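Me: I am new to this structure and would be grateful for a close look at one part of it. Please begin with a brief overall setting.

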Amino acid sequence: MTHIASPQNPRLKAVRRLHTKRERGRHGRFLAEGEDLVAAAQHAGRAAVEGYRLAGSGLGGDDFLDVERSALASVSTLGSGTRVIGVYEQRWDAPVGPLCVYLHGVGDPGNVGTVLRSAQAFGASCVAFGPGCADPHGPKAVRASMGAIFAAVLVRVSDVADLPGERVALDASATEPLRGPMDPAQGAITLLVGSERDGLPADVLAASDRCARIPIVSESLNAAMAATVALYEMTRRPSRVPAS
């Protein structure tokens, strides 16, 4: 079994570079830290990049590279270090229905990761990213996704016209409340979600087919909560009124 002892090992340096968005984009890779995330990748059929499945000394099996725990901690983004790290290829696809979530200006990586988790939970067909969004492959977003990063279909979009189906913008000032569930016979739907502070910009609202609000008592929800509530509403089973 290969053993790595030095934090200056070239393989560990390559992992450390993936802490930055620029290097993640340059190499098309990202890291996942912890047994749960690495297990989620395996469950989703996502293999780590060859030679980049790392475990602290005595903690991994034969399919891990053995790394001194102090050396592994030196490339971790967690303050307490981690037991295992895997490096994975990024995957970007084309927009697809029947239910897409589009994020615009959602800059908090925790919110981005939570939206991925909710999208997986409610069976969304893809999550699309517009301008100003945090990198879904950043360490904080990956952790917040709780493994959904490996199962969700991720999309880059520069024009909302490329989004599938009817475009429904979540807008706190809209007069129409969001109503579900969606009817598959009516075609695909894309839910458009903006940042908590600024919402969706005017040009995106104008390019939407309709705007709808989530009826709440308080002023607003953060992006992750809004997306989760909207996904629930769109995918809930219609209630049945008992026959009299």
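How many Å² does the accessible surface of the protein come to, and what percentage of it belongs to carbon and sulfur atoms? After that, please turn to the aromatic pairs: which residues form them, and where do these residues lie in the chain?

Reply: The model is predicted, so local features are reported at pLDDT of at least 70 and side-chain atom pairs at pLDDT 80 or more, while totals for chains, interfaces and linings use all residues. Residues are numbered from 1 along each chain as its sequence is written, and side-chain values rest on heavy atoms, with hydrogens and water left out.

The protein has an accessible surface of about 12,400 Å², and 49% of that area belongs to carbon and sulfur atoms; such areas come from the Shrake-Rupley method with a 1.4 Å probe, and for residues only the protein chains shown count as cover. Of its 244 residues, 46% are buried (buried means under 20% relative accessible area, exposed over 50%, partly exposed in between, with a 1.4 Å probe and protein chains only). The secondary structure consists of 8 helices and 11 strands, taken as DSSP runs numbered from the N terminus: H or I of at least four residues for helices, E of at least two for strands.

Turning to the rings, the structure contains 5 aromatic pairs. Rings of Phe, Tyr and Trp (its six-membered ring) pair if their centres lie within 6.5 Å; planes under 30 degrees apart count as stacked, over 60 as edge-to-face and the rest as tilted. One of the pairs is that of Tyr-88 and Phe-150, edge-to-face with 4.9 Å centre to centre and 65° between the planes. Tyr-88 belongs to strand β5 (residues 84-89), whereas Phe-150 lies in the loop between α6 (139-145) and β8 (154-156), 62 residues apart. Both Tyr-88 and Phe-150 are buried. Together with Phe-30, they form one aromatic cluster.

Another pair joins Trp-92 and Phe-129; their centres are 6.2 Å apart and their planes stand at 85°, so this pair is edge-to-face. Because Trp-92 lies in the loop between β5 and β6 (99-103) and Phe-129 in strand β7 (residues 126-129), the pair ties together parts 37 residues apart in sequence. Trp-92 is partly exposed, with a relative accessible area of 26%, while Phe-129 is buried at 6%.

The ring of Trp-92 also has a charge over it: the charged end of Arg-156 sits 3.9 Å from the ring centre. The criterion is that NZ of Lys or CZ of Arg be within 6 Å of the ring centre and within 35 degrees of the ring normal. Elsewhere, the charged end of Arg-11 sits over the ring of Tyr-52, 5.4 Å from its centre.
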